[in-house]
Amino acid sequence: MTTRQQASRLVALGTCVSLSLTGCAFHGLNSLPLPGAVGRGSGAVYHIEIANVATLEANSPVMINDVVVGSVSAMTVKGWHADVDVAIEPGVIVPSNVVASVGQTSLLGSMHVALDPPLGEPPRGQLQPGSTIALNRSSTYPSTERTLSSISAVVNDGALGQIGDIIHNFNIALSGNEPAIRELLTRVNDFVGVLDAQRERMVASVEALNRLTSVFAGQREVLDRALKRIPPALDVLIKERPRIVAALEKLGTFSATTTRLVNDTQVDLVRNLQNLKPTLKALADVGPDLDLALATTTAFPYSQGFIDRAIKGDYANLFAIMDFTVPRLKRGLFLGTRWGQEGALAVPAPGDPAYLNYTYDPFGAPLAAETTPPAAAPDGGAPSAPPASATPAQPGGPVFAGPYSANDQPAVPQLPDGAH
């Protein structure tokens, strides 16, 4: 009796302690930490925001790569989503790119939380304890009840009962049309083969179209202005349509006339081209010399080579020999003057009285005058002056001032006294 009373007292005391530790609130045995739960105690705690936890409860396992590494410790409601705290065993690395998903361990089993990187991505980095997995990185798999209800909705309201009718009508359509269907399938096969052979070109066309659209997008403002200006231009073209039509009709008439002219002169045109063939052949045979001749013609009397060697920028090269000897001056610069021919008479200037009788016309000079042939100059230069006894021209007659020959001497002009 005493032992039973002591046991009752211990149970009551334990119950009181439990109620006092839980703040006088009790949410069932599952809300208490279960002995042997993974990650409870000294494990790292992470927070997960989930829109729908389904039938997930505390102490549910937490898995990484289908391995239990922790358990759910507590679940609270924040706003319109749940905030689930999970405890992970010490030493377990949670990737920084992890996503959380709530699913069923088996078809009729309990729920669990899976912490895995996104599908197709390798794990990166490490998520520090106390971090929160945001709501956009969590999801919930459909439960068995939801899956069955969805299948029921599809079977009952999705017209699956009409599949039999569809198959029956399809069989009726194919019956007796096997050759046509076979030919159709053959053509479809060929068409698919052609598309497969042109796959690279189609991809290149799509890429080129993408680049074209990018260019159009970059020129959007220009295209907008063009589209605003095109309608007024079209209005102008509409107003000028009669004139444009008349111009095209005249152009057609001109084309017809030109065609008739070409047809009429075709033989002569061919003959002229054939006659022109030797000339073109000769020009082709000249080859590079033709370019040199044309270049020399444009720069005559100086060739391009002379210009390249003589003219250097803003100065010109000059190669000259200056001969100032007396014989050379008499035969060159002073020829025809009293320095080049001693005793030669001065040529009258315009305004002198003797200039009126001075002429270069040999037919106007007196032909009867007899003169003595001049002696040659000792240095081979110009002939010496006529002797003083030369017969002068008739008084008042013209004086010939042209070139002298071996038998003709210039007549001495009648100059006034004191003239030289």
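R243 is exposed, with a relative accessible area of 63%, where exposed means over 50%, buried under 20% and partly exposed in between (1.4 Å probe, protein chains only). The model is a predicted one, in which local features need pLDDT of at least 70 and side-chain atom pairs count only at pLDDT 80 or more, while totals for chains, interfaces and linings use all residues. Residues are numbered from 1 along each chain as its sequence is written, and side-chain values use heavy atoms, with hydrogens and water left out.

R243 forms a salt bridge with E240, their closest N and O atoms being 3.7 Å apart; the term requires a side-chain nitrogen of Lys or Arg within 4 Å of a carboxyl oxygen of Asp or Glu. E240 is partly exposed, at 31% relative accessible area. By this rule the model has 9 salt bridges, and among them is the one between D83 and K78, with N to O at 2.9 Å. Here D83 counts as buried at 7% relative accessibility, whereas K78 is partly exposed at 46%.

The next feature is a nonpolar surface patch of about 800 Å², made by L227, I230, L234, L237, I244, L248, L251 and F254. Patches are made of residues with over 30% relative accessible area and no salt bridge, like charges being joined within 9 Å and nonpolar side chains (Val, Leu, Ile, Met, Phe, Trp, Tyr) within 5 Å; the areas come from the Shrake-Rupley method with a 1.4 Å probe, and for residues only the protein chains shown count as cover. Helices α6 (220-239) and α7 (241-264) each supply at least two residues of the patch, where helices (H or I, at least four residues) and strands (E, at least two) are DSSP runs numbered from the N terminus. L234 lies in helix α6 and is partly exposed at 44%.

Turning to the strands, an open sheet of 8 has the order β7-β1-β4-β3-β2-β6-β5-β8, with mixed pairing, two strands being paired if DSSP finds at least two bridges between them. Because β7 (132-133) and β8 (138-140) stand at the edges, each with a single partner strand, one side of each is left without a neighbour in the sheet. Strand β2 (residues 61-64) pairs with β6 (residues 111-116) in the parallel sense over 2 bridges, and V62 stands opposite V113 in β6. By contrast, β5 (residues 99-104) and β6 run antiparallel, joined by 6 bridges, with S101 opposite A114 in β6.
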